[in-house]
Amino acid sequence: LTFVADLGGGFTATGIMLVTVTEPVDSSTLHLELVPNPFNPEFIDVFIVARLNLAGTPNVVRSFEGIDSTVAVRPIEEDLLKRGALIWTGSVRLRPQAAGTIFFTTQAKTSLGTSLLDTASVAIAPVVAGKPVVLEHGGAALWLPPGAAAGAKAVVLKTSAPAAGEGAAKIVGGLSLEIRRQLDLYPVGLVLGEAGTLRVDLGPGEGLYQRQGATWAPV
């Protein structure tokens with residue numbers, strides 16, 4: 001900051017003060033959310049939510065199969081004052097038979113120059129006749145026998161922390177629960193022809209529950 005003091009008689013004094021601006025930022029200030037298409041998970045929508053004014057459009061990079069590529073995004077919510085958030089969206093289409101973990105990274109700076117970063121990922125496996133579907137993501141592993149996911153082009157496993165406001169306690173059978181991680185499997189409504197295996201690494205006091213309508217039930 002530069003200060004100028006009027007001393008009178010046409011004289012002035014100038015001073016410079018170095019200051020450090022600290023903004024109240026946390027993991028919710030810039031959030032990257034991935035939403036696979038409910039029916040064809042080879043298409044993935046990308047959403048970036050910012051809760052402070054940014055110096056420009058967030059940069060989004062996709063990393064897959066050793067290749068980094070920029071994801072074009074456009075604003076869909078620009079009224080931070082009324083809505084409480086700025087939102088950008090974009091989309092990517094994976095090549096047919098893509099397999100592995102797709103990583104996304106978004107970076108931005110606030111209008112005051114604070115650097116922000118968030119990451120997200122999903123795992124995808126193609127459905128190939130005569131071959132099992134094997135997926136691992138975020139401490140969860142899924143195995144489906146050959147033919148179990150017939151009718152789907154690909155299967156996507158997404159493991160993520162609950163969105164802001166979604167980790168609150170849930171009452172299930174008289175128990176108070178807190179959502180630590182959320183597992184989503186795409187395509188939505190997939191009916192398995194044969195039983196598969198889902199393994200989840202659980203910490204002390206954790207359990208595995210499945211949403212059934214508006215409630216949760218132990219698996």
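Select Lys 158. Lys 158 is buried, at 6% relative accessible area. Buried means under 20% relative accessible area, exposed over 50%, and partly exposed in between (1.4 Å probe, protein chains only). This is a predicted model: local features need pLDDT of at least 70, side-chain atom pairs count only at pLDDT 80 or more, and totals for chains, interfaces and linings use all residues. Residues are numbered from 1 along each chain as its sequence is written, and side-chain values use heavy atoms, with hydrogens and water left out.

Glu 33 is partly exposed, at 23%. Lys 158 and Glu 33 form a salt bridge, with the closest N and O atoms 2.6 Å apart. A salt bridge here is a side-chain nitrogen of Lys or Arg within 4 Å of a carboxyl oxygen of Asp or Glu. Lys 158 sits in strand 13 (residues 154-160) and Glu 33 in strand 3 (residues 30-36), so the pair ties together parts 125 residues apart in sequence. Strands (E, at least two residues) are DSSP runs, numbered from the N terminus.

Next, select Glu 178, Arg 180 and Glu 206. These three are linked in a network of salt bridges. Start at Glu 178, which is exposed at 53%. Its side chain meets that of Arg 180 at 4.0 Å, N to O. Move on to Glu 206: its closest N–O distance to Arg 180 is 3.6 Å. Arg 180 lies in the loop between strand 15 (175-178) and strand 16 (182-186), and Glu 206 in the loop between strand 17 (197-200) and strand 18 (209-212), 26 residues apart. Glu 206 is partly exposed, at 28%.

How many salt bridges are there by this rule? The count is six.

How values were computed. Helix = DSSP H or I, 4+ residues; strand = E, 2+ residues; numbered from the N terminus.
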